[in-house]
Each structure stands twice: as structure tokens, then as C-alpha cells.
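Me: I would like to go through the labels given to parts of this model and see what each one rests on. Please set each value against its definition.

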Amino acid sequence: MRRVVREAYLVKREAERGIVMRKAMGRMSYVAMVLMLMLQATVGLAADLALDNPRAMRFPTVEFNPPDAERLVLDNGMVVYLLEDHELPLVTINATLKTGSWLDPADKVGLAGMTGAAMRTGGSATMSPDEVDEELEQLAATISIGFGKESGSASLDVLKKDLKRGLQIFADLLRRPAFEQSRIELAKLQALEGIRRRQDSPGSIVGREFAKLLYGQTHPSARETSVRSIESITREDLVAFHQQTVHPNSIILGVTGDFDKAGMMALLREAFGDWAKGAVPAVTIPAVTESDFKTGVVRFVNKDTSQTHLRVGHLTVKETHPDYVAVAIANDILGGSSFRSRLFNDVRTKRGLAYSVGSGLRASVYDEGVWLMRAETKLSSTQEVVNRFVANMERMRNEPVTDAELEEAKEAYVNSFVFSFTSASSIVARLMDLEYDGLPKDWLQQIRDKVVKLTKDDIQRAAKTHFNPDRLRILAVGSGDALSKVLASFGEVKEIMLAPES
């Protein structure tokens, strides 16, 4: 009932304000509304300048200066970012925790993920799991907690009038999780069922096995849970992992919504102020031995499927590498921009070889990045698609991109920059991410400025340096007997036998 009342209140508030556009756009924030009006204005200006020829339309670069959040630090080292937004009587608190599956012991892969899940579902020192769920339902509040590879996260969404109680529950789950045994057993059963079902999807198989080809099976970026590792995890393991990795000085809090600074800081000190500091390890992802990955490999997985699922690529630069920006724009031109990319126009539009095709670049500050080309295609066209991948990659290496391609890619990136700041929560989230990664506050602006200055020579140099045909790792999931013959022209082909779920 409280949730219904909350929704009714929000609808009534919007109706009273007469913001009809907000309903059509799914409660878009005020900042996002301003952005849309800015873009509409630039479209109108361009249209006035090129009414006779829409293809000649040119748009001014969108300039946007988002509001800045205030950064404070509690005595115990917990970092807090505050950004008020009084549009609705809601408060959101997000937390980033310096923990993650990179800390999983080799024989207990899945420990971090299960710890995060059970922190939320397993109750607290003062409330049973059912009591937590029931009270959050009464408050129309939501709490989530989860641990990924490089960090953990937690969040609270609550009405302003229920902030104190919601924050108490949130802090209790973070500080004093009970890890009730029955909820741990349920989490283990869910994890085991996921393991048993994960060979069902070719898309899931190709993603997991390609990561192993890139990093090696035991690397934190590629290793996966097993029945044995999940069954070996005990409640004592979860308690120890929490005690060793979750400390106030390993947490960055981001608070946005309808609050005042003084009142909020008083509540945060009440909830977290007496929490003692702990030893916080630096995020350390093992480096991949370069000598192991200097040569290409060709592998396939035999799976009865109507299409071949392809991945072709190799490891690449970290986000902090000097060439990262040029590599990112080169990838955008090659296949990352979907409908306007070279791969899309060549493989799909011109040749009709695949419905889904493109390239991707994933990079962080902690781990080697991944650059890949992907497609789903018929078995009979698998070889041709791989040939087109290699041909387009070589073209990027050996020929400058066109002026139009470079201008379009740069404009797309620069004008999309504003959408990193569409709400108070997204603004604070960016600041939290940058601090967690040890990057300066103006990092995104630095990236934007570097994009603006890129030349065709920069793009070709980056492609020649970082798109390496001799290091390509080729993986296909599909009809194995035929695939081994289809892929033979790219090197020695070996089959990957999927490990039994044990």
C-alpha cells in the first residue's frame, strides 16, 4: 500500500507542475530536459542554415557544465559526495566498496559474489531477512548489494520522510550482515542452477570461452565458478570475506535527492561514524604474460545451433594508455558505431552476411583492455565473415580514414558527452568512479579534449599499433565438424571441450 501511495504522490506532483513532456519521456530529470531543449535548439539552428539540403546540416558542439557535488570525508575515512536535487521528495544513496571477485581464492571462485548477495538477503544483526524485506516494503524503499570483479556496490532508494529509518537498515546490512544460513543455501542453489544451465546459450558460451582465450583460464577476468567451488563456500567464508574487505575507509558514498547538507551529514555520522577503520588492499588484477599471447589461435566449440557465433580480437590498452582515445575512435569507425560503421556497411548492408555485426572496446584502469569483432552468421558464410573482419582491420591499419568518418566519429563522441550527466545521480556516480579509479575529476573532459584534437594520422597510427592481425584470437561456436574445415585457412584449428560442471 505504501508503494502505491508513493507512486500516486509522484503522479500527482507531476500533474500539478503541468509537465506533460515528462510523462512522454518516462520521468526524465530536469537536467536531461535541459539537454533535450539544447539539442532541439541546435537542430533548429542547423535546419535554418540548410533547409534546402538536409545532408549539409552541421550542428554546433553541445556545451554543458554540470553542477558539481560537494566532497566530504568522515573521521573514519568514508568519502561522501553530496548533490541536492529537490525536484521530488526522494533520496538515493549509492556506495562503491573496494572489494570484488579479484580477491576470490582460487578454490572458492564465486565467494565475493555470494558475499554481496547474502549481505542483502541474509538479514542483519538486529533484523531477520523477512523483517528486512517486510519493512522495506512498508517504506516503499529498495536496497541492493552486489560485488563484481573490481568493486562492490550498494544502493538505497527511499522517500525523504523515511530517510532516517531507511538509512539505519542500509547501514545495518553493510556493517553487520547476519548471513542467515538458509539464505546462503538458497543463494548456493541458485548459483548451482546457473552453472548447470550456462552451456545452453551459444552467446554465453562464446563470451566466456573467448575471455579464457584472451586471459587464460585462471585469470580473474576469465575464471568461472564451478559446482565444486560453490559447494565449498561456507558461512564462515562469507563472514571472513566481509570482515576483511568491507570497511568505512574502503567505501565511497554518493548521496543525491531531497535533503539538506547539515541534516544529511548528521544522519551519516549517526549511521557510520562509530565504524572503525580497517586495512584496505589496493585493487590488483594480475598482469597477463605478454609472451603467452603474441601469436594468434583458432578455436571452435561444437554446439548444435542454427548460426555461428564469432569472436575475433585480442587484448589491448588500458584506459590510462596514451593511445586509448585514438584506439576508441578507430574502433568506433571500424565497427563500434553500429549503423554507420565499416563492418556494418560491409558485412551486413553490402554483403548480407550477418544481421548482427560490429566491434567493441572494453578497457579499465586495472586490467588489460579487450578489443574484438563479433558477428552471428550462417555456417556457410563463416569463413567469408572472418575474411571481411581481417580485411577491414587491415584497411584501418594501412589507409587513413576519410575526413567524413573522422568528423562524424568525433562529433558523435563529443555530443554524447553531455549524456554522462543526465541526472544528479549520474553526476555523482561519475565522480565516485573517478575517485575509485584514482583518476582526476576532469578526466572525462580530458578525454573529450583529446578526441577533438585527433587527426587521421593519429587514428591510422593507433590502428597500426594496436590492431594486430598476428595476435588475433578467433573463436567460433557452432556446428563443429564443419567449422574445423571452414576455419582451417586461418591457422591450426583446435576444439575447445566444454568442462563438465563439477
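Reply: The structure holds five aromatic pairs, where rings of Phe, Tyr and Trp (its six-membered ring) pair if their centres lie within 6.5 Å, with planes under 30 degrees apart counting as stacked, over 60 as edge-to-face and the rest as tilted. This is a predicted model, in which local features need pLDDT of at least 70 and side-chain atom pairs count only at pLDDT 80 or more, while totals for chains, interfaces and linings use all residues. Residues are numbered from 1 along each chain as its sequence is written, and side-chain values use heavy atoms, with hydrogens and water left out.

Me: What makes the pair of W371 and F467 stacked?

Reply: The planes of W371 and F467 stand at 15° with the ring centres 4.2 Å apart, so the pair is stacked. W371 lies in strand β10 and F467 in the loop between α18 (456-466) and β11 (473-478), so parts that are 96 residues apart in sequence are tied together.

Me: How do you know that W371 is buried?

Reply: Buried means under 20% relative accessible area, exposed over 50%, and partly exposed in between (1.4 Å probe, protein chains only). W371 has a relative accessible area of 0% and is therefore buried, and F467, at 1%, is buried as well.

Me: What makes strand β10 largely enclosed by the rest of the structure?

Reply: Eight of the nine residues of β10 (residues 369-377) are buried, so the strand is largely enclosed. Strand β10 pairs in the antiparallel sense with β8 (residues 308-316) over nine bridges and with β9 (residues 354-362) over eight bridges, where pairing requires that DSSP finds at least two bridges between two strands.

Me: Why is R348 said to lie over the face of Y355?

Reply: A charge sits over a ring if NZ of Lys or CZ of Arg is within 6 Å of the ring centre and within 35 degrees of the ring normal. R348 is at 4.3 Å from the ring centre of Y355.

Methods:
Helices (H or I, at least four residues) and strands (E, at least two) are DSSP runs, numbered from the N terminus.
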